[in-house]
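Work through the exercises below with the structure open beside you. Try each task before reading its solution.

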Amino acid sequence: MKMHFCIPVSQQRSDALGGRYVVRPGPGSGWAGRGPVTMLTYPSAYPGRGVCVCSCIPVRYSQLHDWNEQLRRVFGNCLPPFPPKYYLAMTTAMADERRNQLEQYLQNVTMDPNVLRSDVFVEFLKLAQLNTFDITTKKAYLDIFLPNEESIKIEIITSDTAERVLEVASHKIGLCRELLGYFGLFLIEFGKEGKLSVVKKLADFELPYVSLGSSEVENCKVGLRKWYMDPSLDSMLMDCRAALDLLYMQAIQDIEKEWAKPTQAQRQKLAAFQEEDSQTKFLELAREVQHYGYLQLDPCTCDYPEPGSGAVLSVGNNEISCCITLPDSQTQDVIFQMSRVKCWQVTFLGTLLDVDGPQRTLNQKLELRFQYSEDSCWQWFVIYTKQAFLLSSCLKKMISEKMVKLAAKNPEMQIEVPEQSKSKKYHIQQSQQKDYSSFLSRKSKIKIAKDDCVFGNIKEEDL
């Protein structure tokens, strides 16, 4: 599946020799393009004081061009076409066209998991992160917080990627190496009164030391959590003591934070199992609890049933569960099944406020809109949230897990899912037809036909 890259705004500057170049910063700890061209960014929207704080890392077009040439020497002509050089001065229209072309290139090149894991890809992004924040490569110590909010201190190199840091932390707590794909590192904000907010999942090539140091979120820490959306996958981890401990800690934390919502009877039984320290029985019952294993986002707004409606989203188990606050202060629970989601997109709505440093403050939130089958026709629903990229990652995760299950039932269907096991490959036939759907009007109520399941129509280009 594609990664998120966008180039929403630009600024023109002059260099020391009087030449002019364009900087196009966008949401993300990413890579900004310089020269009369564009920039490379990946999203890393940090919530803080009601705005999105993002990082932009300047890189000239020539550097991106050289990077593409290095990738082609490894992967050949299977890569998408790279935007051509212009040898004469570019007009604004030409610059915008190449910006769009670069954005499309970056979206497409990261669809290949082999490219994402390649040394050429990772090393380029590692150096960009280190150079932008002027970080030297040296030994350092990093606290990794477990779901029980206790931490372990590990020795790392400042240039270690999230993938490497996860390996070090897992080794220290005794987590089986083959189970690493079920866990991930996250930036987590520990707020007042025990509130917890998952800011984002760290991509494998991100540098946790740099991401943590450049974050402007107060009391933000690197946390270790399970990274799958299907609660039934717990069964794959029960034989590993360290994995069982992590699941148990996270289940307790989710219940305490009211992300998972047990009934009173379930709560009493869970308390008894916890008193007995019966982790297996606790988790078996926890899987029956509403929203167990879901990730809850911070309060946000949506356009359903009317614009500006408040919402709290919980994502997991192939659904988006929304608790919507209506204008009369009444609440309404709405569930969107992933089997009826056709596609979605994340859009940056803000404008650039500070352009002089690597930190970029954006004055509006992001939006995620998804196309959904409602009353046998496709409708668009919009969610305005600073955690739009995290939400998108959760949706992609649910899709990939569903694909694996389908492949297991039908040996002829195979897909590649690098997160769960980098040694296992699956392949699936994909439709080449692209769907250009228009923005449809909203309906007053959600009423889904039982046989209206469109999961088979989801295409890679829609994601």
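**Exercise 1. Is F124 buried or exposed, and which ring does F124 stack on?**

Step 1. Start with accessibility in this predicted model. F124 has a relative accessibility of 17%. The cut-off for buried is under 20%, so F124 counts as buried.

Step 2. The whole structure holds 16 aromatic pairs. In one of them, the ring centres of W67 and F124 lie 4.6 Å apart, with planes at 10 degrees. Planes under 30 degrees apart count as stacked, so W67 and F124 form a stacked pair.

Step 3. W67 sits in helix α1 and F124 in helix α4.

Step 4. Check the partner. W67 has a relative accessible area of 2%, so W67 is buried.

**Exercise 2. Describe how helix α1 and helix α4 pack.**

Step 1. Know what to look for. Two packed helices are described by the distance between their axes and the angle between them.

Step 2. Read both values. Helix α1 covers residues 61-75 and helix α4 covers residues 119-132. Their axes come within 9 Å and cross at roughly 160 degrees.

Step 3. Classify the angle. Over 145 degrees counts as roughly antiparallel, so α1 and α4 are roughly antiparallel to each other. Their crossing is right-handed.

Step 4. List the contact residues. From α1 come Q63, L64, W67, Q70, L71 and V74. From α4 come V120, F121 and F124.

Step 5. Sort them by class. The contact has 7 nonpolar and 2 polar residues, and no charged ones.

**Exercise 3. Describe the packing of helix α7 and helix α9 in the same terms.**

Step 1. Find the helices. Helix α7 spans residues 241-256, and helix α9 spans residues 279-286.

Step 2. Read the geometry. The axes come within 10 Å and cross at roughly 50 degrees. That angle makes α7 oblique to α9. The crossing is left-handed.

Step 3. Name the residues that meet. α7 supplies R241, L244, D245, L247, Y248, A251, I252 and I255. α9 supplies Q279, T280, F282 and L283.

Step 4. Sort by class. This contact has 8 nonpolar, 2 polar and 2 charged residues.

**Exercise 4. Where does Y304 lie, and how is the ring of Y304 set against that of F381?**

Step 1. Check burial. Y304 has a relative accessible area of 3% and is buried. F381, at 2%, also counts as buried.

Step 2. Compare the rings. Their centres are 5.5 Å apart and their planes stand at 70 degrees. Over 60 degrees counts as edge-to-face, so the Y304 and F381 pair is edge-to-face.

Step 3. Locate both residues. Y304 lies in the loop between β13 (300-302) and β14 (309-316). F381 lies in strand β20, residues 377-385. The pair therefore ties together parts 77 residues apart in sequence.

**Exercise 5. What surrounds S197, and how much of the protein is buried?**

Step 1. At 6% relative accessibility, S197 counts as buried.

Step 2. List its contacts beyond four places in sequence. S197 touches L187, I188, E189, D298 and Q387.

Step 3. Step back to the whole. The protein has 10 helices and 20 strands. Of its 463 residues, 53% are buried.

Conventions. Residues numbered from 1 in each chain as written. Predicted model: local features only at pLDDT ≥ 70, side-chain atom pairs only at ≥ 80, totals over all residues. Heavy atoms only, no water. Axes fitted to C-alpha atoms, helices over the stretch in contact; angles between N-to-C directions. Helix = DSSP H or I, 4+ residues; strand = E, 2+ residues; numbered from the N terminus. Parallel < 35°, antiparallel > 145°, perpendicular 65-115°, else oblique. Left-handed = near helix turned anticlockwise from the far one by under 90°. Contact = heavy atoms within 4.5 Å. Nonpolar A, V, L, I, M, F, W, Y, C, P; charged D, E, K, R; others polar. Phe/Tyr/Trp six-rings, centres within 6.5 Å; stacked < 30°, edge-to-face > 60°. Buried < 20%, exposed > 50% of the residue type's maximum accessible area, 1.4 Å probe, protein only.
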